[in-house]
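Dear colleague,

I am handing over the structure below, and after it I have written out what was found, so that you can follow the text with the model open beside you.

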Amino acid sequence: MRFLIANDDGIYSPGLAILATVAKGFGDVQVVAPDVEQSSASSSISANRPLTFRATKVIDGVEAYRVNGTPADCVALGLFHRDDVDVVLSGVNLGPNLGNGLWHSGTLAAARQAALLGVRGIAFSTPAVHDNPELSDLAPYIAQVMEMLLPRDDLRLVNVNLPARPRGIRWTRQAVEQYDGEVVPAKDPYGRPVFWLAVTQLQEHSPETDLWAFERGYVTITPILLDATDHAALGAVNPSERIMEFDQPDPQLLADSEEAASRAQHEPVTVERASDG
Ligand code: MN
């Protein structure tokens, strides 16, 4: 099995190293990750500037490339450079990605970019308890989740969160009932107002959600859809109101404009020269 590993914490993250180390036990591993941290980048892509793809030595025995772009950029470039990737793994993010945090997560977005490109994606996250988290303790749990998920090629995109000392594994849904983002005003060193987009601690979680299970010490596994359509709302629209046709334009007007467009295509372009004054 061939793995591409990306993240949003950057290529030097210890979370990336532990995921690559575990994945090596399951097959071939290549790393493509951002050169600097890109947390909360979600699915943004760098559409207005060129990107570089540079070989880097970060983990012994693992081919690795760093990209001056977003997590989604990394997966796009990684899959551009090799077409034999079976699964894209993202993480392990230092900080959980649960509930409405999934909208902002660059970790999930890397896995989602894979799913958009037709490759399976699995995102992993864990709490960043202190500056140097002991991630090697998580290795057996990551391996156990991979053993569960890798044979399931019906699962296109999966979000996994690992507590520091898991008591078990639960399949969950994303908690969307409460939003945990807040704006915190502060001052810069010159006394001018600045604002932090911060995260608040939510107090209560709906049962069986990812937040609920994670808080109780479970590894959470959440299958994720790419389709954000509200199918219930769509189904509730009266069938007679689902399609509305506008009055058709005058057929002669349409023919005239098509003829004009085709004439413009074939006529040589003449540029009026400005006088040399
Ligand atoms: Mn991150």
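**The sheet and what packs on it**

In this predicted model, nine strands form an open sheet with mixed pairing, and their order across the sheet is 3-4-2-1-5-6-7-11-8. At the edges lie strand 3 (53-56) and strand 8 (168-171), each of which pairs on one side only. From one strand to the next, the twist averages 20°.

As a general point to keep in mind while you look, strands of a sheet pair through backbone hydrogen bonds, and the pairing is either parallel or antiparallel. In which sense do strand 7 and strand 11 pair? Strand 7, made of residues 157-161, and strand 11, made of residues 218-223, pair in the antiparallel sense, over four bridges. Within this pair you can find Asn 159, which stands opposite Thr 222 in strand 11.

Two helices that pack on the sheet can be described next. Helix 3 (residues 106-116) touches strand 1 (2-6), strand 5 (87-94), strand 6 (120-126) and strand 7, and its direction makes about 175° with that of strand 6. Helix 4 (residues 139-149) also packs on the sheet, where it touches strand 5, strand 6, strand 7 and strand 11, and the direction of helix 4 makes about 30° with that of strand 11.

**Helix against helix**

Helix 1 (residues 14-24) meets helix 4, their axes coming within 10 Å and crossing at roughly 55°. Because of that angle, helix 1 counts as oblique to helix 4, and the crossing of these two helices is right-handed. On the side of helix 1 the contact is made by Ile 18, Leu 19, Thr 21 and Val 22, and on the side of helix 4 by Ala 139, Ile 142, Ala 143 and Met 146. Sorted by class, this contact of helix 1 with helix 4 has seven nonpolar residues, one polar residue and no charged residues.

A second pair consists of helix 2 (residues 71-81) and helix 3, whose axes come within 8 Å and cross at roughly 30°. Angles under 35 degrees count as roughly parallel, and helix 2 is therefore roughly parallel to helix 3. The crossing of helix 2 and helix 3 is right-handed. Here Pro 71, Ala 72, Cys 74, Val 75 and Ala 76 of helix 2 meet Gly 106, Thr 107, Ala 109, Ala 110, Gln 113 and Ala 114 of helix 3, and by class the contact of helix 2 with helix 3 has eight nonpolar, three polar and no charged residues.

**Backbone details**

Two places in the backbone deserve a careful look. Gly 91 and Val 92 are joined by a cis peptide bond, with omega of about -10°, and Val 92 lies in strand 5. Ser 40, although it is not a glycine, has a positive phi of about 65°, and you will find Ser 40 in the loop between strand 2 (28-34) and strand 3.

**Domains**

Finally, the protein is divided into domain 1, covering 2-175 + 204-230, and domain 2, covering 234-261. The centres of domain 1 and domain 2, taken over C-alpha atoms, are separated by 44 Å.

With kind regards

Notes:
Residues are numbered from 1 along each chain as its sequence is written. This is a predicted model: local features need pLDDT of at least 70, side-chain atom pairs count only at pLDDT 80 or more; totals for chains, interfaces and linings use all residues. Two strands pair if DSSP finds at least two bridges between them. Axes are lines fitted to C-alpha atoms, for helices over the stretch in contact, and angles run from 0 to 180 degrees between N-to-C directions. Two residues are in contact if their C-beta atoms, placed from the backbone, lie within 7 Å. Angles under 35 degrees count as roughly parallel, over 145 as roughly antiparallel, 65 to 115 as roughly perpendicular and the rest as oblique. A crossing is left-handed if the near helix is turned anticlockwise from the far one by less than a right angle, and right-handed if clockwise. Ala, Val, Leu, Ile, Met, Phe, Trp, Tyr, Cys and Pro count as nonpolar, Asp, Glu, Lys and Arg as charged, and the others, Gly among them, as polar. Domain bounds come from an automatic or database domain assignment.
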